[in-house]
Amino acid sequence: MKQLIIRADDIGYSEAVNYGIEKSVKEGLIGSAGLMPNMPFAEHGLKLLEGTGVVLGQHTNMCLEKPCSDPKDIPSLVDEKGNLKSSKTYREAFKNKEDFVVVEEAVIEIEAQYKRFLELVGKEPAYFEAHAVMSMNLFKALEIVANKYSLPYQEIRFDGKPTTFNKKPILILPMGSMEQEYDPFETLKKDIAEYAREDMPNVFVCHPGYIDAYLLKNSSLTLNRAKEVEMLCDPKVKEWLEINQIELVTYDDVR
């Protein structure tokens, strides 16, 4: 039997995203969800999820809004306004084979976000990873903080091969959410048929949410978030998973 974690990223990204995640947890298939500790809407998202029992992880955010640490302490990570550098800046640097992230500064910010997570949630994250940006130095910093606090770190890989969660093998399934003609259910079915393994847990990463002005201004992932809410709350999807003997689990279940 294949084990599947269906995860929602981006608690706190915007109010509309929070409402989409709330629906996907309360009426859908999301059992694990990642909090962006530095975001202004983080507390709003957590309040919506109170009492649901959803497993909360730290979705460390290094590319949007104000940092949790003092911008003066992390000059490589912020722009002239003191905001975290954009994901576009990371992509351009990666394309040019550059890495502007100073490991020691990234450790400062990641640790500050971890402490903010503890303030907001009141307990350790069930998993510990990052909003996807391309920086090997950032990945090194994440591992340093995870080791310092004995956190259940999910290693980041982009080559489709198994990675690790809490030093155990885990497979992150391919995402199609940035594709214009994205069909979440068809992507899920293909991922399970062609990539999912029985010898380790599999993770299907979602970004459910609704759309508001803040999201439109700050993200290229918009309409497909709403598509995922619909898919995650569709009883036919749950029925398909049961027929195909897919066991839904959370990060707590596989630690």
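**A loop between two strands, and beyond**

Modeller: Look for asparagine 166 in the loop between strand E5 (163-165) and strand E6 (168-172). Keep in mind that this is a predicted model. Asparagine 166 is not a glycine, yet it has a positive phi of about 55°. Its relative accessibility is 27%, so asparagine 166 counts as partly exposed. Lysine 167 is also found in the loop between E5 and E6. Lysine 167 has a positive phi of about 70°, although it is not a glycine. Is lysine 167 buried or exposed? It is exposed, because its relative accessible area is 73% and the cut-off for exposed is over 50%.

Now turn to another loop. Serine 69 lies between strand E3 (55-60) and helix H3 (87-95). Serine 69 has a relative accessible area of 11%, so it is buried. Which residues does serine 69 touch, leaving aside those up to four places away in sequence? They are Ile74, Ile108, Glu109 and Ala112. With glutamate 109 there is a polar contact, side chain to side chain, at 2.5 Å. Glutamine 58 is 11 residues from serine 69 along the chain, and their C-alpha atoms are separated by 16 Å.

Next comes a serine in a strand. Serine 32 is part of strand E2 (residues 32-35). Its relative accessibility is 1%, so serine 32 counts as buried. The side chain of serine 32 reaches the backbone nitrogen of tyrosine 251 at 3.4 Å. Beyond four places in sequence, serine 32 touches several residues, among them Ile5, Ile6, Val54, Val55 and Tyr127. Thr250 and Tyr251 are also touched by serine 32.

Now the helices. Two packed helices are described by the angle between their axes and the distance between the axes. Take helix H4 (residues 103-121) and helix H5 (residues 136-149). Their axes come within 8 Å and cross at roughly 50°. H4 and H5 are therefore oblique to each other. Their crossing is right-handed. On the H4 side, the residues that meet H5 include Val103, Ala106, Val107 and Ile110. On the H5 side, those that meet H4 include Leu138, Ala141, Leu142 and Val145. By class, the contact of H4 with H5 has 11 nonpolar residues, one polar and four charged.

Helix H1 (residues 15-26) packs with helix H8 (residues 223-232) at an angle of about 15°. The axes of H1 and H8 are 9 Å apart. The angle makes H1 roughly parallel to H8, because angles under 35 degrees count that way. H1 passes H8 in a left-handed crossing. Which residues make the contact of H1 with H8? H1 brings Val17, Gly20, Lys23 and Ser24, and H8 brings Arg225, Val229 and Leu232. These contact residues divide into three nonpolar, two polar and two charged.

One more pair remains. Helix H6 (residues 184-194) and helix H9 (residues 235-243) have axes 12 Å apart, at an angle of about 10°. H6 and H9 are therefore roughly parallel to each other. Phe185, Leu188, Lys189 and Ile192 of H6 meet Lys236, Val237, Trp240 and Leu241 of H9. The contact of H6 with H9 has six nonpolar residues, no polar ones and two charged.

How values were computed. Residues numbered from 1 in each chain as written. Predicted model: local features only at pLDDT ≥ 70, side-chain atom pairs only at ≥ 80, totals over all residues. Heavy atoms only, no water. Helix = DSSP H or I, 4+ residues; strand = E, 2+ residues; numbered from the N terminus. Buried < 20%, exposed > 50% of the residue type's maximum accessible area, 1.4 Å probe, protein only. Polar contact = N/O pair within 3.5 Å; in protein donor to acceptor, adjacent residues only side chain to side chain. Contact = heavy atoms within 4.5 Å. Axes fitted to C-alpha atoms, helices over the stretch in contact; angles between N-to-C directions. Parallel < 35°, antiparallel > 145°, perpendicular 65-115°, else oblique. Left-handed = near helix turned anticlockwise from the far one by under 90°. Nonpolar A, V, L, I, M, F, W, Y, C, P; charged D, E, K, R; others polar.
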